[in-house]
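Here are my notes on this one, as numbered points. Have the structure open while you read.

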Amino acid sequence: IGGFTKENARAHIDFILEIGNRGKRSVAIDIKSDTGREYFGRLLATADGGDSWQARDLPLAGGTFRGATTVGFRPDGLGFALGGDLAGADAPDAPSAPRAALSADGGLSWSTPGEPALAGAVYGAAWVPRRDPATLFAVGPGGMAWSPDGGLRWAPLDSASYWAVDFASPSLGWATGPGGRVVRIRMETQEAPAPDPVRAPRSGDLVIVGGRLFDGTGDEARPNPGILVRNGAILALGVPLPGSPGVPPEGVRVLALDDHHTVLPGFFDLHAHYAVDLFGEGRVDETVVNPVVFLANGVTSTFPAGEVDPAAFDEAARAIADGVRPGPRIHRSGPYFGTARPGWRHEAMTPDSIRAEVRNWALRGVRGFKAKGIRPGQLAALVDEAHRQGLSVTGHLDSGYRGSVNPRDAIAIGIDRVEHFLGGDALPADRSAYASLEALDLDDPATREAVRAQIRRFVEAGVRFDATLTAYDYFAGRDPEVYAPFHDEMGLLTPYARSVVEARLPRPPLDPFGRIYHVKHGTVRLFVEEGGADLLTVGTDHPSWGEFFSGFAIHREMHALSRAGVPNAVVLRAATVNGARALGLDGMLGTVQPGRLADLVVVVGDPLADITATRRVRHVIRGGVLYDPAALLESVRGVLGPRDASEAAWWKGSLRLGG
């Protein structure tokens, strides 16, 4: 245990042991020293009772007398790690670093929120149990402070010295300090919130009975044995429901399904654009309506794959994690690395500057990075530093034409995932990838073998492939089966925004993209046939111009993969557990198993027989909270976009964001 003083070590060690006794999850704090690098506080976590451990650097300075002194998690995965410099701000080489870090995903990633409103290091902290919004108290020699919004904003309460704080109930807590000080903290009773038509209450166990279960671990569905959800996680499968027959015990909610329902893990969209361009004047990231639409379609995890406006994602991720508004888990990507980022200049983005940016974004809690328009030396620095931080890199690459990077070379560099096309010798460097793809002839033996050789590189290196089939046909002829309407998507727009969008329709089809769409069907089928099934992921890549929206695109993408000849079970695993593995989250998400977070989707029909059943979403569960998809979509009808011309400037990225 590092970073504790003699006076408060006992209290904190007891607290850690108490956490460790909750099921099989335990956590501890250590200080990591890596010669030649900065010192960071480090979180060690186990999900299997201590048989194996994972470490993640915290965005808190470490070293002698520095680091995290207290850590705690709510059942929904919201956690804190607080600390500082126990030797005092005037100590030699005292770093200027945050004292507080927050996690929204059970400690897998961390960001730095507001600073506690007390002087010096934090010695103790605690969540107020069963209180929403999340409420957090922190104490130290410099006083006591509290945050009513999960650590984003802080207010001081007392300037006296304290060692520890904890709560016995939502209304009663205690803080202790030097000289025998014991202080009682009383919380005012919260008014009962108005009934929420969108989601069911958080409290109590949830048991899901009936229907069939595709748990993501194999190719088959089976009768649902009964899923017990408690505190945001899947506690057990197949546990008989207690109580009298047909009468659940008090505090247990039962979701009873019919035989034609199928339960699946929540969907992962690994190329989930929140970007919209309603005026044809540059993208903006819309993070109020889009999260609701993703969730209503069963998408419980998103990776933006390049953020246009990272500040918008800062606010959205915090609001969703704190339960202020509904949405999927946003596994942050940070901004693009390459010319896709407005203002990117190759001459300024040296390997050293890229490494510095990676470290900065790692401290802000991203899960990975996206390269687009990047050069080989820059990609090598990005991949190497991301891996040092325990993060992954994906790329929209090219053929090697004009200094770009062919996926073949990116695999040699160590990239983790490739978007759109496979690359290799079938894409020669004397012309762009798009020019080659449009004319790619898979019936030609030499071309087919070149594609297969490239697929073998993927399989041997364990590099994942995000095909994004449908991204191209939005701009082309639109396969009538895949793009058949199943919701009034333009109904999300305000009347004014809808008039702007409709004035720009129909968009003339781009025939080259139509040819690429059909060529890619053949390449993704080969990818699966050559052993890449477990490396295939699902991303939609649809920055919306207002006719279609990203949240619905997951169903079109799965349908297109099925039509390409990919077995439906492989498609479903690509959209669930493979996505979780790609982000290193498969220990918590992606399958329906005890110990996983309760992110589930219930659809009407059997998607193993008919993949379009995924479009008929009946229930969505994220972190144990049950949502009504129809109510979610109704809550944002007519909301997206400017209400009149006076609000149009915000929606023009070329004005607001410079591109």
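1. Start with His 521, which sits in helix 11 (residues 511–532); helices here are DSSP runs of H or I with at least four residues, strands are runs of E with at least two, and both are numbered from the N terminus. His 521 is buried, at 10% relative accessible area. The cut-offs are under 20% for buried, over 50% for exposed and partly exposed in between, with a 1.4 Å probe and protein chains only.

2. A word on the source: this is a predicted model, where local features need pLDDT of at least 70, side-chain atom pairs count only at pLDDT 80 or more, and totals for chains, interfaces and linings use all residues. Residues are numbered from 1 along each chain as its sequence is written, and side-chain values use heavy atoms, with hydrogens and water left out.

3. What does His 521 touch, leaving aside residues up to four places away in sequence? The list is Leu 469, Ala 560, Arg 563 and Ala 564, where contact means heavy atoms within 4.5 Å.

4. Ala 560 brings us to helix 12, where it is one of the buried residues. Of the 14 residues in helix 12, 12 are buried, so the rest of the structure largely encloses it. Among those buried are Phe 552, His 555, Arg 556, Glu 557 and His 559.

5. The length of helix 12 (residues 550–563) checks out: at 1.5 Å a residue its 14 residues should span 20 Å, and the end C-alpha atoms are 20 Å apart. That expected span is 1.5 Å times one less than the number of residues. After helix 12 comes Gly 565, with a positive phi near 105°.

6. Now the charged pairs. The whole structure has 33 salt bridges, each being a side-chain nitrogen of Lys or Arg within 4 Å of a carboxyl oxygen of Asp or Glu. In one of them, Arg 456 pairs with Glu 449, with the closest N and O atoms 2.7 Å apart. Arg 456 is partly exposed at 33%, and Glu 449 is partly exposed at 37%.

7. Have a look at Arg 573 and Asp 534 too, a salt bridge with its closest N and O atoms 3.7 Å apart. Arg 573 is in helix 13 (residues 568–574) and Asp 534 in the loop between helix 11 and strand 30 (536–537), so this pair ties together parts 39 residues apart in sequence. Arg 573 is buried at 12%, whereas Asp 534 is partly exposed at 42%. Elsewhere, salt bridges with shared partners link Arg 355, Arg 359, Asp 384, Glu 385 and Arg 388 in one network.
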